[in-house]
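Please look over the model below before reading my points.

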Amino acid sequence: MKTPFYITTTLPYVNAPLHMGHALEFVRADTVARYKMLQGFDVFFNTGTDEHGQKIYTKAVEKGETPQQFVDAGFENFKTQVASFGVTDEAHYIRTTDEHHVAAAQEFWKRVYDNGYIYKKTYEAKYCVGCESEKTDSELVNGECPEHPGTTLQVINEENYFFKYSAFQEKLIAFYEANPTFIIPEFRFNEIKAFVEGGLQDFSISRVKEKMAWGVPVPGDDSQVMYVWFDALVNYISTLGWPHNDESFEKYWMNGTPVQYCGKDNTRFQGAMWQAMLMAADVPNSHHIVVNGFITADGGVRMSKTLGNVIDPLGISNEYGVDVLRFFLLREITSFEDSPFTEERFRESYQANLANGLGNLVSRIMKMVVNYEVEYTLPTNVDLLEFDDAVPEGFKEKIESFDLKSAMDDIWREVTGLDWLIQNKEPFKLAKTDMAGAQEIVAELATRLYIIGFLLQPFMPTTAQTIMDLVKEKKMPEAPLFNRLD
């Protein structure tokens, strides 16, 4: 029986195209999911779309569409964009407008309410539609949300339902102490612990329906709809059939060590708010929250359409190929810190590591295999559960600690090692005087190239399969794996 493994991305809104930060999150989560599949795990990879809230409603009105028409089209666009990131066909897609999800969100609300953690009161607050969350004065910069400068804050003054977040400070602290690797990396975990230790404030979890009609109705109160984050966070368990499918939920959530990827601007929602909500509903907590840094422009400046420094991931994928986008995100972007994605940096890496690097290496080795009629027996025991001596030491541990860049660095050290072997043993010269000796060297090169292809499978699946097929079939590539740039 396969061991279950559950991994999920956050759910982006469907009101705008996915940006490079989304691509990073999807590619990384997909890589971990593919790795676990290769290990033989029964993987449930969850992703999908967040389709409620004020900004969805506003965009639909601007376009002259109903909110449902708008999100239906947005979901189809989302799937097209995700495909350009190379996300596996095995991924499960959830929409927060799905009937089952709506029912699950309402059941979750009822359980939290019945446990005494929801109450109603009148209040006034500043609200950022871009974040779909309240903002305190200490969080603002020049009176604006730092994540959405130029967006006018709304002032909410109404009677809403509140979540008793303050009741979970000590419970969260105890949970963090019992789970020292809960948030990865450690410095992000320290930020959340400091935030929780500083005290938690109850927050609104509903809006008056007359003012914001596009949301999940609050159970037992038709005048209110759920705050979009309260609704959306429930997707991580509703996608598993909760609360009606106990078998699937128990398999993947209870026994599947659930892992959630998110960006650093999402850490409080995933690492504190959602965990408190789970406690309030008597549902087990997540196992890991893995936090990405931001992708920046040159000089560490955050990408912005206003500044004109945005690079479209779909454009990169369409022009260079899906695996090229994946390569840069997995190899050139640090695993947890902010990193720049510039056109110049991208082209330099492409030329050096792919066109002149891996692509050239494959062509050279396979040309010698064919020309020298080299015979070899490929390893049959190369397995991601039981590595043999040819696999880099620590490779598995790096992936399982979500340090994907370091794992990619290991693979590229193997690529460099084969280049070194060719240059120092010169089989192309040896073949003129000692064909048997040249064949022996090339057989080693081909075998190690096959292992490189095997290790690349979670990271660059199409390229990996091409390399493995060429080595198996003893063929030269019909065209370069990666064209050189002009």
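The numbered points below cover the model's basis, a helix pair and some backbone features.

1. This is a predicted model, in which local features need pLDDT of at least 70, side-chain atom pairs count only at pLDDT 80 or more, and totals for chains, interfaces and linings use all residues. Residues are numbered from 1 along each chain as its sequence is written, and side-chain values use heavy atoms, with hydrogens and water left out.

2. Helices (H or I, at least four residues) and strands (E, at least two) are DSSP runs, numbered from the N terminus. The axes of α15 (residues 404–425) and α17 (residues 435–456) come within 10 Å and cross at roughly 165°; axes are lines fitted to C-alpha atoms, for helices over the stretch in contact, and angles run from 0 to 180 degrees between N-to-C directions. The two helices are therefore roughly antiparallel (an angle over 145 degrees).

3. Most residues other than glycine have a negative phi, and most peptide bonds are trans. A cis peptide bond joins Ile 184 and Pro 185, with omega about 10°; Pro 185 sits in the loop between β7 (183–184) and α6 (186–197). Another cis peptide bond joins Trp 242 and Pro 243, with omega about 0°, and Pro 243 lies in the loop between α8 (235–238) and α9 (246–254).

4. Thr 257, not a glycine, has a positive phi of about 40°. Thr 257 belongs to the loop between α9 and β12 (259–263) and is partly exposed, at 32% relative accessible area (partly exposed lies between buried, under 20%, and exposed, over 50%; 1.4 Å probe, protein chains only).

Conventions
Parallel < 35°, antiparallel > 145°, perpendicular 65-115°, else oblique.
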